[in-house]
Amino acid sequence: MGSIDKRDRLSEEVFTYKTSKDNKVFIDWQGRQVTILSGKASEKFLKAIEGKEHKEAQLIMAKATGNFKRGNEKDN
């Protein structure tokens with residue numbers, strides 16, 4: 001994973017996720033919701049992340065969110 005995470009950001013908990021009763025997956029980045037997965041996408045995500053260690057889970061969530069950062073994120 002060295003060439004993927006050169007700045008070692010995945011060792012931090014930058015991504016988190018929650019699931020709803022109807023199997024929708026809400027993925028947050030630094031406490032801000034960035035994407036919602038439903039249907040087959042949420043099933044695929046939950047199957048992929050099941051039993052993964054921290055860094056692997058962070059990478060899966062990063063890939064699921066896609067390229068959401070475009071420079072318009074605001075710092076609080």
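Predicted model: local features only at pLDDT ≥ 70, side-chain atom pairs only at ≥ 80, totals over all residues.

Colleague: Fine. Is Asp-28 buried or exposed?

Modeller: Buried, because its relative accessibility is 9%.

Colleague: What does Asp-28 form a salt bridge with?

Modeller: Lys-18, with the closest N and O atoms 3.7 Å apart. A salt bridge here is a side-chain nitrogen of Lys or Arg within 4 Å of a carboxyl oxygen of Asp or Glu. The whole structure has one. Lys-18 is in strand β1 and Asp-28 in strand β2, 10 residues apart. Strands (E, at least two residues) and helices (H or I, at least four) are DSSP runs, numbered from the N terminus.

Colleague: What order do the strands take in the sheet?

Modeller: β1-β2-β3, an open sheet with antiparallel pairing. Two strands pair if DSSP finds at least two bridges between them. The edges are β1 (15–19) and β3 (32–37), each pairing on one side only.

Colleague: How many bridges join β2 and β3?

Modeller: Five, with β2 covering residues 25–29. Phe-26 stands opposite Ile-36 in β3.

Colleague: Switching topic. Which residues make up the largest nonpolar core?

Modeller: There are 11, including Val-25, Ile-27, Trp-29, Phe-45 and Met-61. Such a core is a set of buried Ala, Val, Leu, Ile, Met, Phe, Trp, Tyr and Cys residues joined through side-chain atoms within 4.5 Å. β2, α1 (40–49) and α2 each give two or more residues.

Colleague: And what does Phe-45 touch?

Modeller: Leaving out residues up to four places away in sequence, its contacts (heavy atoms within 4.5 Å) include Tyr-17, Leu-37 and Ala-64. Phe-45 is buried at 4% relative accessible area, while Tyr-17 is partly exposed at 35%.

Colleague: Why is the Tyr-17 and Phe-45 pair edge-to-face?

Modeller: Because the planes sit at 85°, with ring centres 5.2 Å apart. Rings of Phe, Tyr and Trp (its six-membered ring) pair if their centres lie within 6.5 Å; planes under 30 degrees apart count as stacked, over 60 as edge-to-face and the rest as tilted. Tyr-17 lies in β1 and Phe-45 in helix α1, so the pair ties together parts 28 residues apart in sequence.

Notes:
Residues numbered from 1 in each chain as written. Heavy atoms only, no water. Buried < 20%, exposed > 50% of the residue type's maximum accessible area, 1.4 Å probe, protein only.
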